[in-house]
2 protein chains.
Amino acid sequence: MQSIKPKKSLVDETYEILVEAICLREFEPGERLNQDEIAARLNISRQPVNSAIAILKADNLVEDTGRRGVIVAPIDPDMSSSIYEYRMVIEPMAVELAARHLPQTARSEADAILKEGREAVERADMRALLQSDRCFHEMIYGWSRNLVIQKSMQVTWNHLRRDMAEVLRDPSRSAPIWDEHAEIVDALLSGDTTGAADLMRDHLRNAHERNSRPGDGSSTG
Amino acid sequence: MQSIKPKKSLVDETYEILVEAICLREFEPGERLNQDEIAARLNISRQPVNSAIAILKADNLVEDTGRRGVIVAPIDPDMSSSIYEYRMVIEPMAVELAARHLPQTARSEADAILKEGREAVERADMRALLQSDRCFHEMIYGWSRNLVIQKSMQVTWNHLRRDMAEVLRDPSRSAPIWDEHAEIVDALLSGDTTGAADLMRDHLRNAHERNSRPGDGSSTG
DNA sequence: ATTTCGTATTTCGTATACGAAATATTTAGG
DNA sequence: CCTAAATATTTCGTATACGAAATACGAAAT
């Protein structure tokens, strides 16, 4: 028998809804978040909205403008390049750590996510594509068993998603990332740790180059 | 003429006070935070305390216990080892990035912090020691200009401080870390980037080994 | 026509109130 | 005396109220 799962607080739910809305560009960068409107839309009082916004501030997803509330943080090129720079070190590290802790279920876990990713490409479903892309990487962070990587990438992916929502226009061009994901997993599961880490670097580099080409809409990976 | 600086909100102030109290062990791991008591002690209403606690939850500094509030997160050995593992990669990376962006003021900035650190050792002032240790590393993150490193280390240092407050008993044994800090800066400022990154790794390893010796209380670096 | 000042309105930060949920204590029954 | 049920108390999540601060608008003065 399962225990009764405590419901999420309104603060937590509101936070998640706002993160999603910011990352998927329902709120544009620079746009002001009005607490009354959000509260009315979610049919709750303003107080949990205010608390959720405080957490968003800590995440740097919104910026304070003084007494007149917060704006959605502008897209900052420095942040984008910091993320790329950071990931070029952390993602291969996560791959190497993952190689030490592979669960028995690694193969089936990976296959399920790869399948989802390819289907999202076929369906041209951008939301699902972003989601499964993130799941792929989080799978590896999970295998790495490094709590700091897991936490910092949780926040970092929200920023990354904002960049990706900016450039994603043709999900079908995301097909190559799933080939690259599959190659990384194959190398990792076959014991070629160094190769897997190198493939991860290539993967990030490819995605970064795709994003730097004006008008070329592809996933960051 | 200077502009009038807006005051910090009660939520922000409360958050900072609580972070400090948790990291310096005024609240012990596992201890429950009572919102009414904290609010009475700070002479404010409970609501900003509640919001500040929500942010602490996002930081993993406190854990939810259901409707009966939060406890201070227990010291988790997995977290400690994750932090060490993570820093062994990120801190040298920050050093290497810093080498590319050294400000004109680097020498004087570094000297000021080194001076403060040595004085804190002489005064056997643990709080000042932790603070200047952190300032030293944050100086390097600042020079690295990588926003993700800066943000993730901001949160990570709070966890690290909890470990350090656990093991720090004899600040005078922290004297070597300031020699090590000085050597890192000298190498960095003299253009020996690889040497500086290696010295950072040695520094972290030394501090980690000191902390792993039972009954030996020294700074983590 | 433009500028300044006073007033109204909007929005947010925080205090207070209310009710839900969890825990502690007391009471009643075997 | 022990156990279960009832009741009281505690604590928190959230709604509501209040006041501060910022902005918008209109009237008066230049």
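**Contacts with DNA strand D and packing in chain A**

Modeller: In this predicted model, a polar backbone atom of A:Leu10 lies 2.5 Å from a phosphate oxygen of DNA strand D.

Biologist: Which elements give two or more residues to the surface near DNA strand D?

Modeller: They are α1 (10-23) and α3 of chain A, with β1 (32-33), α2 (35-42) and α3 (46-58) of chain B. The largest share, three residues, comes from α3(A). The surface divides into five nonpolar, seven polar and eight charged residues.

Biologist: Why are α5(A) and α8(A) called roughly antiparallel?

Modeller: Helix α5 (residues 106-122) and helix α8 (residues 175-189) of chain A pack at about 175 degrees, with axes 9 Å apart. Angles over 145 degrees count as roughly antiparallel, and the two helices are therefore described in that way. Their contact includes A:Ile113 and A:Leu114 of α5(A) and A:Trp178 and A:Val185 of α8(A). Its residues divide into ten nonpolar, two polar and four charged.

Biologist: How do you know that β2(A) and β3(A) pair?

Modeller: Pairing requires at least two bridges; β2(A) and strand β3 (residues 70-72) of chain A have three, in the antiparallel sense, so they pair. Within these strands, A:Glu63 stands opposite A:Ile71 in β3(A).

Technical notes: Residues are numbered from 1 along each chain as its sequence is written. Chains are lettered from A and ligands numbered from 1 in the order in which they are written. This is a predicted model: local features need pLDDT of at least 70, side-chain atom pairs count only at pLDDT 80 or more; totals for chains, interfaces and linings use all residues. Side-chain values use heavy atoms; hydrogens and water are left out. Axes are lines fitted to C-alpha atoms, for helices over the stretch in contact, and angles run from 0 to 180 degrees between N-to-C directions. Helices (H or I, at least four residues) and strands (E, at least two) are DSSP runs, numbered from the N terminus. Angles under 35 degrees count as roughly parallel, over 145 as roughly antiparallel, 65 to 115 as roughly perpendicular and the rest as oblique. Contact means heavy atoms within 4.5 Å. Ala, Val, Leu, Ile, Met, Phe, Trp, Tyr, Cys and Pro count as nonpolar, Asp, Glu, Lys and Arg as charged, and the others, Gly among them, as polar. A polar contact is a pair of N or O atoms within 3.5 Å; within protein, one must be able to donate a hydrogen and the other to accept it, and residues adjacent in sequence count only if both atoms are side-chain atoms.
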